[in-house]
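Visitor: I would like to go through this model with you. Please tie each term to its definition.

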Amino acid sequence: MTRADDTSHIHPPLRSQEPFQTVAMPVERASTIVFRDLEAFERRAERVYDGFSYGLYGTPTSRQLEDHIAQLEGGVRALVVPSGMAALTLATMAVCQGGDRVLVPETLYGPARDMVLRFLGPLGIETTSYDPRLDAEIAPLLDTRTRLVWVESPGSATFEVQDVPAIVAAAHRAGALVAADNTWASHLLFKPLAHGVDISMQALSKHAGGHGDLLLGSLAVRDEALFRRLKDTARFLGYGVSPEDCVLCERGLMTMPVRMRHAAVTAQAVMSWLAGRDEVSRILHPSQPDHPGHPVWKRDFAGSAAVFSLVLRPELAPLQAEALHRMRLFRLGASWGGVHSLIAVSDPRKGRTSLDWLPSGPVWRLSIGLEALEDLLADLETAFASFAEATRSQPGHTSGRAAE
Ligand SMILES: *Cc1c(COP(=O)(O)O)cnc(C)c1O
């Protein structure tokens, strides 16, 4: 090795700067960003909110995705962060300090409920849970210390739709901001900012990513000052995003409307099929006329997502594991909104006081992907056949139990 080798391995030959144009979004990586002159270098802190100062604070790739999300959300600015969970934590920490209070619906995404209680609680930020069915009736819960009200509509697992405009009016009257976890609907089916919400949050990991292989979250806002508060908090926490992930997200966005439209049609057909089955006592989805919040969903939403829950008859609980094991297309796993159909089993009754309307029995959350409807129904039929089989293969099952 010679001395020249050290330098030549770092500085490749310069190629001509012939313009290169493509429809593909380039991946521009950076930790280091270099400056034209000393003055630009010394003034780099001014570029934290726009432009480029250091890779952690933004690259052309991440800024492009942020501009795109802001436009799609009907906002002024947007911030992209490493996950939906990061977005939930960031928004809460940017708005609340020790001594403040945050209101969260009982239906808030489970890990976020854990975060406010176990992470922000010890920092002096107090959390109050509320029944997601409250509308203007939320007012008495808002005191002078309440800085932020989270809504998640429809809510996790049970899909109650919230009266967001009524909650926003009450919160603003009390001087609190409203943040919406809009992951289920996405900007395509509900526009929180247009309904008065201050911070619209999405887990881009779901519908936007769309293929079960991406983690990103976003926060969109209507005003620059709030954006700067969020951006500062993101800086302090050291949140940055990979440009590869941003490009994957842009790719997902391109097909998102088509995927969501198609999956929603399949999901409606799956729900109709399930409604005719004895094994199922209830379907939880805002499009169902018997579902809490159906009228508000019809009033405020532009359509529905292919994610819903079903309640099985309680006596099927011990037979679930075998039924789930027999399915080939529906895989057992968290997350949703992708091309693969998924089932997640949860107990939404844990920690909830507002579920008197829910029949007892196991709850399965289904995310309908892009597989053919007939194949998905056959897969569910296989699962349900195992219920019948198990019941038949236990002669005296009923009388034996009754005698105990
Ligand atoms: C998945 C999800 C999140 C968290 O998103 P991640 O990117 O997985 O951290 C937040 N809210 C809702 C409603 C979700 O479904």
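Guide: Start with the second largest cavity, which holds about 40 Å³ of space. The model is predicted: local features need pLDDT of at least 70, side-chain atom pairs count only at pLDDT 80 or more, and totals for chains, interfaces and linings use all residues. Residues are numbered from 1 along each chain as its sequence is written, and side-chain values use heavy atoms, with hydrogens and water left out.

Visitor: What makes a space a cavity and not a pocket?

Guide: The grid has 1 Å spacing and covers the protein atoms alone; in a cavity a 1.4 Å probe fits but cannot get out, whereas a pocket is an open set with protein on both sides within 12 Å along at least five of seven lines. Points are joined across faces, edges and corners, and the volume is the space filled by probe spheres set on them. The structure holds two cavities of 30 Å³ or more.

Visitor: Which residues line the second largest cavity?

Guide: Val151, Glu152, Ser153, Val164, Ala180, Asp181, Asn182 and Phe190. A lining residue has an atom within 4 Å of a point. Strands here are DSSP runs of E, at least two residues; helices are runs of H or I, at least four; both are numbered from the N terminus.

Visitor: How is that lining divided by class?

Guide: Four nonpolar, two polar and two charged residues. Ala, Val, Leu, Ile, Met, Phe, Trp, Tyr, Cys and Pro count as nonpolar, Asp, Glu, Lys and Arg as charged, and the others, Gly among them, as polar.

Visitor: What is the volume of the largest cavity?

Guide: About 120 Å³. Its lining has 14 residues, with His207, Arg259, Met260, Ala263 and Gly337 nearest the centre. Helix 9 gives the largest share, three residues. The classes are eight nonpolar, five polar and one charged.

Visitor: And the largest pocket: what is its volume, and which residues are closest to its centre?

Guide: The volume is about 1,100 Å³. Of 49 lining residues, Tyr109, Gly110, Pro111, Ser156 and Arg365 are closest to the centre. The lining has 21 nonpolar, 17 polar and 11 charged residues.

Visitor: How do you know that both domains take part in that lining?

Guide: Domain 1 (29-251) and domain 2 (255-392) each give at least three residues to it. The bounds come from an automatic or database domain assignment. The domain centres, taken over C-alpha atoms, are 28 Å apart.

Visitor: Why is the crossing of helix 3 and helix 9 called left-handed?

Guide: The term applies if the near helix is turned anticlockwise from the far one by less than a right angle; clockwise is right-handed. The axes of helix 3 (residues 60-73) and helix 9 (residues 243-275) come within 8 Å and cross at roughly 35°. Axes are lines fitted to C-alpha atoms over the stretch in contact, with angles from 0 to 180 degrees between N-to-C directions. The crossing is assigned as left-handed. The contact has eight nonpolar, four polar and one charged residues.
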